[in-house]
Protein chains: 2
Amino acid sequence: MPRRKTRSTSSRGPRDERGVVAKRILDVACAQFADLGYTRATLRSIAGEAGVDPALVSYYYKSKTKLLDACLEPPAEWTQRISEAASAPIRTRGAALVKCLIYTWEHDRAGANFFRTSLLMAAHEQVARERMVVGFAVHILGAVAAPLDENERLLRASLASTQMVGLAITRYIWQVGAIATMPGEDVVVYIAPTIQRYLNGRLS
Amino acid sequence: MPRRKTRSTSSRGPRDERGVVAKRILDVACAQFADLGYTRATLRSIAGEAGVDPALVSYYYKSKTKLLDACLEPPAEWTQRISEAASAPIRTRGAALVKCLIYTWEHDRAGANFFRTSLLMAAHEQVARERMVVGFAVHILGAVAAPLDENERLLRASLASTQMVGLAITRYIWQVGAIATMPGEDVVVYIAPTIQRYLNGRLS
């Protein structure tokens, strides 16, 4: 009887529940990888905090490597959002990229988790740096005016990334200084011209 | 006889040797705090890598907290260097700050160690963020044109810090993209105008 009742509640059926549990494991894994580092976070510690059996973590994600892969996978919504920002009209593209970063951190939990894990792991894990190139830098490169030659495009994308990374770390990870407390609109006003110059302005 | 011989070699006398050992312990501690985090680095693990007895670490640095303090202490040479950069003629001050950052990472081992430890620990340790304000941000604040009101000075210093931090992390910690491989002179050309605008340029 109870089993039948559970199954009949469609929004709580086994399939949805499965998704919810897998998602909870992923959230905990992202946080533990970010805070403890890859070595110290274990399938057991992740299972413990998620309140599930370690076997269930292995069942959903196969291995610790694959679980890390899932954490460093850019969420589809984020990819869509940054693609749009990167193809905004060129004159407002710097602002669009800064707005995209702010929106993601402040209104998109999965996107913010992805960012946080990537930024915190990048210092210690080569794989996190490589994945950041695919999930983030490639979009910045896409935002650089296309007619330029390849080297200049890579240069400009790299310069824009230094400012985006510095902004994300000081405002959202360290949360220090005026940059951490000002409204998002002000961040756009102050930082977007820097990104814009790196994208298509005069460099020297 | 051997003892007397050792003592008579003035450059290797007990006092210098003491300094050498204390310095080696400090170098190892900075690296372990940066790479393992405060919790995982222990007096024992630091002593092990430095090849000394743990009691000697305690003898020189009293406690783990005090050892961390020493790692986050800006080296005197670095303080002198950034003070000079922060008081360079205002029109070239952005370039002076970027040059100072590059010189420190590339030619001053103690300064680079201090930076690396501070940047890597800041994500997880409040004390590292607080010390960075004293050892780094205060100099950037000193570089902002003095006649401005306090809020604007704090705003400008914070903006400049976002770019300095992003530059240091992408070029020296992550070592990704064009920013990591270009000559220091090019970094100055591309990044100094950003710092200069934040210091005394038009913000909006």
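Predicted model: local features only at pLDDT ≥ 70, side-chain atom pairs only at ≥ 80, totals over all residues.
Trainee: How do you know that chain A and chain B are in contact, and how many residues take part?

Mentor: Contact requires heavy atoms within 4.5 Å, and by that rule 38 residues of chain A are in contact with 38 residues of chain B. The area buried between the two chains is about 3000 Å², and carbon and sulfur atoms give 69% of that area. On the side of chain A, the residues that lose the most area to chain B are A:Thr162, A:Trp174 and A:Tyr190, which together make up 22% of what that side buries.

Trainee: What makes up the side of chain A that touches chain B, by element and by class?

Mentor: The elements that give two or more residues to that side are helices H2, H8, H9, H10, H11 and H12 of chain A, and H10(A) gives the most, with 13 residues. By class, that side of chain A has 24 nonpolar, ten polar and four charged residues.

Trainee: How many salt bridges and how many polar contacts does the rule find across this interface?

Mentor: For a salt bridge, a side-chain nitrogen of Lys or Arg must lie within 4 Å of a carboxyl oxygen of Asp or Glu, and across the interface of chain A and chain B the rule finds zero of these. Polar contacts, by comparison, are found for 16 residue pairs across the interface, with both residues at pLDDT 80 or more.

Trainee: Why is the relation between the two chains called that of a two-fold axis?

Mentor: A rotation of 180°, with 0.0 Å of shift along its axis, superposes chain A on chain B with an RMSD of 0.0 Å, and that is therefore the relation of a two-fold axis. Of the residues of chain A, A:Gly166 comes closest to the rotation axis, with its C-alpha at 1.8 Å. The same surface serves both copies, as 100% of the contact residues of chain A recur in chain B.

Trainee: Why is A:Ile173 called buried?

Mentor: The cut-off for buried is under 20% relative accessible area, and A:Ile173 has 13% relative accessibility, so A:Ile173 counts as buried. This residue lies in helix H10 of chain A, and among the residues that A:Ile173 touches are A:Trp105, A:Arg116 and, from the other chain, B:Ala123.

Trainee: Is A:Arg156 buried or exposed, and which backbone oxygens does its side chain reach?

Mentor: With a relative accessible area of 6%, A:Arg156 falls below the 20% cut-off and is therefore buried. A:Arg156 also lies in helix H10 of chain A, and its side chain reaches the backbone oxygen of A:Arg197 at 3.3 Å and the backbone oxygen of A:Leu199 at 3.5 Å.

Trainee: What makes A:Lys62 and B:Gln175 worth a remark about phi?

Mentor: Most residues other than glycine have a negative phi. A:Lys62, however, has a positive phi of about 70° although it is not a glycine, and B:Gln175 has a positive phi of about 55° although it is not a glycine either. A:Lys62 is found in the loop between helix H4 and helix H5 of chain A, while B:Gln175 is in the loop between helix H10 and helix H11 of chain B.

Trainee: Why are A:Lys62 and B:Gln175 called exposed?

Mentor: Exposed means over 50% relative accessible area; A:Lys62 has 57% and is therefore exposed, and B:Gln175 has 56%, so B:Gln175 is exposed as well.

Note on methods
Residues numbered from 1 in each chain as written. Chains lettered and ligands numbered in written order. Heavy atoms only, no water. Buried area = accessible area lost by both parts, 1.4 Å probe. Polar contact = N/O pair within 3.5 Å; in protein donor to acceptor, adjacent residues only side chain to side chain. Helix = DSSP H or I, 4+ residues; strand = E, 2+ residues; numbered from the N terminus. Nonpolar A, V, L, I, M, F, W, Y, C, P; charged D, E, K, R; others polar. Least-squares fit on C-alpha atoms with pLDDT ≥ 70 in both. Buried < 20%, exposed > 50% of the residue type's maximum accessible area, 1.4 Å probe, protein only. Lists of a residue's contacts leave out its neighbours within four places in sequence.
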